[in-house]
Amino acid sequence: MSRISVRGFAVASATAVTTVGAVVGVAAGGTPAPNDNNFEAAAADTTLLADIPAGQQAQVQTASLTQQADAQASAADAAAKKSAEESARLQAAKDAKSKKQAAEDRVEAERKAEQKKKEEAERASRSSVRDASSFSAQGSYSVADVKAMARQMVPADQFQCFSNIVNHESTWNYRATNPSSGAYGLMQALPGHKMSSAGADWQTNPATQIKWGLSYMDGRYGSPCGAWSFWQANNWY
């Protein structure tokens, strides 16, 4: 019957058993095989499982199982640690994305609120202006009179742009006439009679001319400031 040898916790192969058989042959007076010294050394250094008391065999087996369990536990701990680190990384990336989105939403909300506030202010400004028909007709108007009328008819945030254009076109002379082209009035409408769409008194009433000028600038350029931007680039509007 073969006898299994153990060195430490490792189980020897069938070669170990063969080695023991060779040693036994030498003891019986047989011819030593080559490398007898090696065989003898191997035999002397070999501890057979059968030679170990039963209680120690159980200890050896238990120690081997314990080592296996420890190795498996270490591998499980490493896998759990790696999984936890990956989960933490994913959560951190998710949190960063959420914070970024929240910041962008806040900026967008502030922009919309500011835009709404600006639009409300513009509506309030426009609603507070006077219409041309609210001014009593006069025989003549000074430059100061015409400017005062314009300040009451043009939205406050657009007045400077409106004034810049009028300064360049007529220097606030509501009867200004261009003898070459026939352009007429504060805005130098060409032809002048197109201002009749704002009132039949377009030739003598600066309020009617201002009303027409505002309508023209808003309709073609979006606002007096839009018209002024175009005028600066082209010297006409």
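The following questions and answers go through the side-chain contacts of this predicted model.

Visitor: Which conventions apply to the values in this model?
Guide: Residues are numbered from 1 along each chain as its sequence is written, and side-chain values use heavy atoms, with hydrogens and water left out. Because the model is predicted, local features need pLDDT of at least 70 and side-chain atom pairs count only at pLDDT 80 or more, whereas totals for chains, interfaces and linings use all residues.

Visitor: How many disulfides does the structure have, and which residues are joined?
Guide: A disulfide is taken here as a pair of cysteine sulfur atoms within 2.5 Å, and by this rule the count comes to 1. The S to S distance of that link is 2.2 Å, and the residues joined are Cys161 and Cys225.

Visitor: How many residues apart in sequence are the parts that the pair of Cys161 and Cys225 ties together?
Guide: Helices are DSSP runs (H or I, at least four residues), numbered from the N terminus. Cys161 belongs to helix 5 (residues 159–170) and Cys225 to helix 7 (residues 224–234), so the parts tied together by this pair are separated in sequence by 64 residues.

Visitor: Is the link of Cys161 and Cys225 right-handed or left-handed?
Guide: The angle about the S-S bond is 85 degrees, and the link of Cys161 and Cys225 is accordingly described as right-handed.
The relative accessibility is 12% for Cys161, which counts as buried, and 21% for Cys225, which counts as partly exposed, where buried means under 20% relative accessible area, exposed over 50%, and partly exposed in between (1.4 Å probe, protein chains only). The handedness asked for is right-handed.

Visitor: What is the geometry of the pair formed by Tyr216 and Tyr237?
Guide: Rings of Phe, Tyr and Trp (its six-membered ring) pair if their centres lie within 6.5 Å, with planes under 30 degrees apart counted as stacked, over 60 as edge-to-face and the rest as tilted; the structure holds 10 such aromatic pairs. For Tyr216 and Tyr237 the centres are 5.6 Å apart and the planes stand at 75 degrees, so this pair is edge-to-face.

Visitor: Where do Tyr216 and Tyr237 lie?
Guide: Tyr237 counts as buried, at 11% relative accessibility. The pair ties together parts that are 21 residues apart in sequence, because Tyr216 lies in helix 6 (residues 206–221) and Tyr237 in the segment after helix 7.

Visitor: Which residues form one aromatic cluster?
Guide: Phe230 and Trp236 have ring centres 5.0 Å apart and planes at 85 degrees, so they make an edge-to-face pair. Phe230 is partly exposed at 26%, as is Trp236 at 42%. The cluster consists of Trp212, Tyr216, Tyr221, Phe230, Trp236 and Tyr237.

Visitor: Which ring has the charged end of Arg130 over it?
Guide: A charge sits over a ring if NZ of Lys or CZ of Arg is within 6 Å of the ring centre and within 35 degrees of the ring normal. The charged end of Arg130 is 4.0 Å from the centre of the ring in question, that of Phe135.

Visitor: How many salt bridges does the structure hold?
Guide: A salt bridge is a side-chain nitrogen of Lys or Arg within 4 Å of a carboxyl oxygen of Asp or Glu. Glu86 and Arg89 form one, with closest N and O atoms 2.6 Å apart, and Glu108 and Arg111 meet in another at 2.7 Å, N to O. Glu86 and Arg89 are 3 residues apart in helix 3 (residues 54–127), about one helical turn, and Glu108 and Arg111 also lie 3 residues apart in helix 3. The structure's count of salt bridges is 2.

Technical notes:
Helices (H or I, at least four residues) and strands (E, at least two) are DSSP runs, numbered from the N terminus.
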